[in-house]
Amino acid sequence: MDYQVLARKYRPQRFQEVVGQPHVTTLLQNAVRSGRITHAYLFSGPRGTGKTTTARLLAMALNCEHSDKPTPDPCGKCSSCKEIANSRSLDVQEIDGASNSKVDDIRELRGTINYVASRDRWKVYIIDEVHMLSNSAFNALLKTLEEPPKQVVFVFATTELHKVPATILSRCQRYDFRRIAPRETVARLVQLAKDERIDVDPECLSLLAQKADGSMRDAIGLLDQLHSAAEGTLTAARARELLGMLPEETYRTLSEHLSRHESKEVLALAAKALDEGADMEEFIAGLTEHLKSLLIAGLEKPTPKAADGASPSPQDLLRMIGVLLELARDMRRSTQPRTLLEVALVRLARMDDSVSLAQVLDGLRRLGSPSRPRAAEPPPKKGQEAPPISSPSKPLGSLDLAAIETRWGQVVDSLQKEAMAAGSFLASGRPVGYRDGVLQIAFPQTNAFSKEQVESKHRAAVEKTLSHFFNTTLRIGCTLTPNPPGKEKEDPAGDRKAALATGEDSGGVRRVLDAFGGEIV
Ligand SMILES: Nc1ncnc2c1ncn2[C@@H]1O[C@H](COP(=O)(O)OP(=O)(O)OP(=O)(O)O)[C@@H](O)[C@H]1O
Ligand SMILES: [Mg+2]
Ligand SMILES: [Zn+2]
């Protein structure tokens with residue numbers, strides 16, 4: 001978001017002004033009131049929800065000159081409070097983890113923190129995007145946290161909690177910031193519009209809150225942007241126009257055409273929207289968002305596929321979303337974005353012609369893949385026989401990656417039977433490392449959404465199935481694999497191929513694909 005002026009101007013100067021995070025602010029105020037101040041805090045949560053703001057408020061609470069000890073209600077007016085608010089305080093330093101990711105920077109930091117706070121009572125280090133620190137920088141940081149100097153407080157902030165090592169997590173007091181509810185965002189925007197004398201319809205503010213998706217900064221930024229661009233009353237219609245947003249209806253119609261494989265209609269609808277001035281990136285984001293909500297609704301309430309094909313299966317939706325995410329990334333570098341978009345839309349409309357993962361696995365089974373023998377087929381070579389799908393392994397003396405790889409397809413199948421959503425997400429990952437009871441699963445960049453789902457919401461189900469399968473307690477770690485250079489366009493397919501080829505010959509995959517007359521999309 002480019003427009004930051006209003007957002008900066010309206011950064012809360014008191015705990016009470018922080019919207020939507022009472023579980024954080026109240027706890028912090030109580031801790032300060034009773035003098036229970038810890039050395040390390042970790043603020044996690046989506047962007048623009050108040051992490052940096054709250055970190056500064058904590059610094060003010062510790063250092064406000066209107067009180068001789070830390071106060072839950074810093075004045076916001078004394079020179080200490082003001083300097084902190086304007087990030088000019090010598091004793092409150094904000095460090096960007098992304099640009100200070102090297103170990104030297106942390107060492108340097110360790111060097112400076114041993115000096116006593118220059119005037120204020122507490123030295124506060126706010127390390128933003130802490131998950132970006134390198135491993136060695138983390139280690140240097142850990143040393144500091146083991147013996148924190150007196151009067152020093154660290155506040156780490158992150159939008160990606162799962163990337164913060166457990167060793168750091170365990171030394172911090174954790175506060176999770178939430179996406180801000182549209183209602184609360186609107187209330188703040190109403191107040192702000194009033195103060196700034198911006199003439200805006202409530203409906204327009206609801207639209208901005210919805211588009212900001214829980215980020216107060218984005219919501220304020222959008223209002224700022226519209227206000228600078230438009231004259232007269234800001235209406236929802238004007239906002240849609242200026243922000244290049246399409247009505248939800250367009251996406252609904254589009255996805256119906258997609259699931260009926262009506263490429264022509266899909267292209268016509270897209271052309272109409274773009275010719276009327278819709279922004280291409282916005283168009284892709286909107287469609288992705290719409291398909292994502294269909295996917296989530298479908299996973300929560302699985303319904304048999306409608307006869308007219310109007311509701312794509314979760315697998316198809318996942319693959320569609322994958323294609324769109326890939327498209328969004330490629331578009332930025334393309335000289336012919338519109339062509340890219342059209343090709344992708346045709347690909348989406350033809351999605352069902354492609355072979356699904358489950359079908360391929362099934363086909364492999366039928367072709368007599370060595371790892372998945374069927375009773376009717378000639379017995380496999382000795383030593384390669386895998387137990388039937390439903391029964392877990394005997395206790396394994398030494399479990400290794402190869403053993404897990406061999407049975408990966410079965411794990412996915414079995415999970416899919418118990419928890420369809422979890423299984424569908426896991427299907428796009430593959431095992432890449434195993435050590436000390438922790439299995440590393442890699443997902444292609446284009447399936448970052450699946451990765452997120454597996455490591456958060458569905459972690460317990462995945463770990464349970466794995467543990468059951470290999471008869472030992474297994475935990476998981478998830479990573480994203482970079483797209484191989486020069487192969488980015490084929491990536492999801494390449495990755496799936498790699499996953500499929502695990503433990504079986506890729507010629508087998510080819511044969512199945514040929515048998516199905518399909519392509520890996
Ligand atoms: N909870 C909130 N209540 C009121 N205003 C907020 C809130 N969160 C964010 N804002 C507004 O957004 C601006 C940016 O917020 P802040 O810097 O605290 O976000 P953040 O969570 O640190 O984001 P990031 O993860 O991108 O660093 C603030 O100046 C303020 O105007
Ligand atoms: Mg921040
Ligand atoms: Zn003060």
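Let's start at the ligand: sorted by class, the shell around ligand 1 holds nine nonpolar, eight polar and seven charged residues. Before we go on, please keep in mind that this is a predicted model.

So who sits in that shell? There are 24 residues around ligand 1, and those that come nearest are Arg 11, Gly 50, Thr 52, Thr 53 and Arg 217.

Which strands does α3 lie across? They are β1, β2, β3 (123–128) and β4 (152–158), and the helix runs at about 170° to β4.

Those strands belong to an open sheet of five strands. Trace it on your screen in the order β2-β3-β4-β1-β5, and note that the pairing is parallel. At the edges you find β2 (92–96) and β5 (173–176), each of which pairs on one side only. From one strand to the next, the twist averages 20°.

Let's zoom in on one pair in this sheet. Strand β1, residues 40–44, pairs with β5 in the parallel sense, over four bridges.

Helix α15 (residues 314–331) packs with helix α16 (residues 337–349), and their axes are 10 Å apart at an angle of about 175°. Why do we call α15 and α16 roughly antiparallel? Because angles over 145 degrees count as roughly antiparallel, α15 and α16 therefore fall in that group.

What makes the contact? From α15 we have Met 320, Val 323, Leu 324, Leu 327, Asp 330 and Met 331. From α16 come Pro 337, Leu 340, Leu 341, Ala 344, Arg 347 and Leu 348. Sorted by class, this contact of α15 with α16 has 10 nonpolar and two charged residues, with no polar ones.

Last stop: another sheet. Here three strands form an open sheet in the order β6-β7-β8, with mixed pairing. The edge strands, β6 (430–435) and β8 (475–481), each pair on one side only. Ignoring direction, neighbouring strands of this sheet are turned by 25° against each other on average.

Strands β6 and β7 (residues 438–444) run antiparallel and are joined by five bridges. One place to look is Gly 433, which stands opposite Gln 440 in β7. And this sheet has a helix lying across two of its strands: α22, residues 459–470, lies across β7 and β8 and runs at about 115° to β8.

Methods. Residues are numbered from 1 along each chain as its sequence is written. Chains are lettered from A and ligands numbered from 1 in the order in which they are written. This is a predicted model: local features need pLDDT of at least 70, side-chain atom pairs count only at pLDDT 80 or more; totals for chains, interfaces and linings use all residues. A residue is near a molecule or strand if its C-beta atom, placed from the backbone, lies within 6 Å of it. Ala, Val, Leu, Ile, Met, Phe, Trp, Tyr, Cys and Pro count as nonpolar, Asp, Glu, Lys and Arg as charged, and the others, Gly among them, as polar. Two strands pair if DSSP finds at least two bridges between them. Axes are lines fitted to C-alpha atoms, for helices over the stretch in contact, and angles run from 0 to 180 degrees between N-to-C directions. Two residues are in contact if their C-beta atoms, placed from the backbone, lie within 7 Å. Angles under 35 degrees count as roughly parallel, over 145 as roughly antiparallel, 65 to 115 as roughly perpendicular and the rest as oblique.
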